[in-house]
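Thanks for asking me to look this over. Here are a few notes to read alongside the model.

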Amino acid sequence: MAQPNGVYITRPALPPLDEVIVHLERIWETHKLTNNGPMAQALEEQLCDSLGLTHLTLTSNCTLGLIAALRALDVRGEVITTPFSFVATANAIVMAGATPVFADIDPDSLNLSPRTVAESITERTSAIVAVHSYGHPCDIEGLQAIADEHGIPLIFDAAHCFGARLHDRSLLDFGTCSVVSFHATKVFNTFEGGAVITRDPAIKKKVDRLINHGIDDEINAPEIGLNAKMSEFHAAIGLAQLPYVSNDIARRGALVARYLDALKEIEGLCPVRPIPEHLVPNNYMFPILVDAAYPLSRDELFERLKRDGIFARMYFFPLISDLPSFRDMASAARDTLPVAGDTADRILCLPLFPDLELKAQDRIIDLLRAP
Ligand SMILES: *Cc1c(COP(=O)(O)O)cnc(C)c1O
C-alpha cells in the first residue's frame, strides 16, 4: 500500500474487512452487544489458548484494566513505579486511590531497577507497578524477590508485551497480575481494548466483578466498581485480528533486523536492544538512544526527520515525573532519577509497523546516515 504523505511512527494493522463482517453478522443475529457475550468469550478463550495463559479478563482498555487490577489487590498508600513510561501507568495508580512513588530505571533494560525499588520501600508501600517497556522484560526475578520479601503484589503494566515470550512463557504470565493493551497502536489491536492476566482464580473473579460495576447479579452489588467491559464489537475485531498477528510480528522482526544492520555503521545512534537470553521478542518498537557522538541532538534529529515527513516519536518523553500532575512529588526530583532523565532526553522511536515499505525504511536509514 502506498504511503506517500509521510511515514508515521506506526500504522495500525487491520484484518480483511470481509472477515470482520462475518463476525459482525453473528452480532446482528444474536443482538448480544456486550456483557461477556459470545465474541468476548471466544476471544478470551482463544487468547488463553494461543498465549498459554491461565486466566484473562478482557477490558475496554489497558488503563481501566490496571485500575481494576490495583483495586482487586486492594492497593492503597504508596506504589513504587517507573517514571519512564506512558502517563497511563501513574494515572491508573492515582485513579485507583494510591500514590505513585517514582524509582529510577536500569540503564540496560530501561525498566524499573530492583535496586532502586528496594531503596524506595517504606511501611506505606503496598505494591510495585513495573513496565516492560517496548516489550523488553524487567528483571522479573529481582522485582519478585522484593515483592515476596515485603508481602506485596507485583503488577506489570504489560501494555507493550503481546506476543513476547520469555523462557518459553508469555511475558504476560508473570507477577501477581499483568495488564496488556489492545490499543490501535499496539502489536495486537481491537481498536481499543486490553486484558488483565493472572494465575490466581480469586483475583480473576474480583477483576471480573470490578469491571462490571462491582455487581454479582441483578440485586447484589457488594462493592464499588467500574464499567470497563470489552464490547462484542471490539471482541469481534480481536477475533478477526488474531490469525494475522504472528505474521505481523515476523514482518516487524524483519524490519528490526534491517534497522539493526544499518545502525552498525552509524556512529552515535545506539539501538535499545537488551534482548535477554530466552526472550522471543515481539518487535513492538524500535527505540534508539542518540549519543553525543552523533552530529545532531535527539530533538534536532526528531525535527530533521519531520522535515522530510518522517514522524518518529520521543517515547517516553517527557518523564511522567516531569508532568505537572506529578512533578511536585518528592520522588519526582530529577536528581533522584538520573538514568530515567538521561534516557528520556536521548530516546527516539523510529517508525515500525508491519506494512512499512522497505523503500520508506531505506529513506529513513539514509536520513539517519546523512542528516
Ligand atoms: C498504551 C499504554 C497504556 C495504555 O493502554 P490503553 O489500552 O490505551 O489504556 C498503558 N501503559 C503503557 C506503557 C502504554 O504504552
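Predicted model: local features only at pLDDT ≥ 70, side-chain atom pairs only at ≥ 80, totals over all residues.

1. The largest pocket itself has a volume of about 480 Å³. It is lined by 21 residues, and those closest to its centre are Asn36, Asp208, Arg209, Ile211 and Asn212. Helix H2 (38–51), strand S1 (55–59) and helix H7 (201–210) each give two or more residues to this lining. H7 provides the largest share, six residues.

2. Now to the ligand, which is surrounded by 15 residues. Thr63, Asp157, His160, Ser181 and Lys186 are the closest of these. Sorted by class, the shell holds eight polar, five nonpolar and two charged residues.

3. The side chain of Thr63 places an N or O atom 2.6 Å from an oxygen atom of the ligand. For Asp157, a side-chain N or O atom is 2.7 Å from a nitrogen atom of the ligand. Tyr315 has a polar side-chain atom 2.9 Å from a ligand oxygen atom.

4. How much of the ligand does the protein bury? Taken alone, the ligand exposes 380 Å², and the protein buries 94% of that. As for the elements around it, helix H3 (62–72) and helix H4 (88–95) are the ones that give two or more residues to the shell.

Technical notes
Residues numbered from 1 in each chain as written. Heavy atoms only, no water. Near = heavy atom within 4 Å. Polar contact = N/O pair within 3.5 Å; in protein donor to acceptor, adjacent residues only side chain to side chain. Areas by Shrake-Rupley, 256 points an atom, 1.4 Å probe, with all protein chains shown as cover. Helix = DSSP H or I, 4+ residues; strand = E, 2+ residues; numbered from the N terminus. Nonpolar A, V, L, I, M, F, W, Y, C, P; charged D, E, K, R; others polar. 1 Å grid on protein atoms, 1.4 Å probe; cavity = no way out; pocket = protein on both sides within 12 Å on 5 of 7 lines; lining within 4 Å. Points joined across faces, edges and corners; volume = space filled by probe spheres on them.
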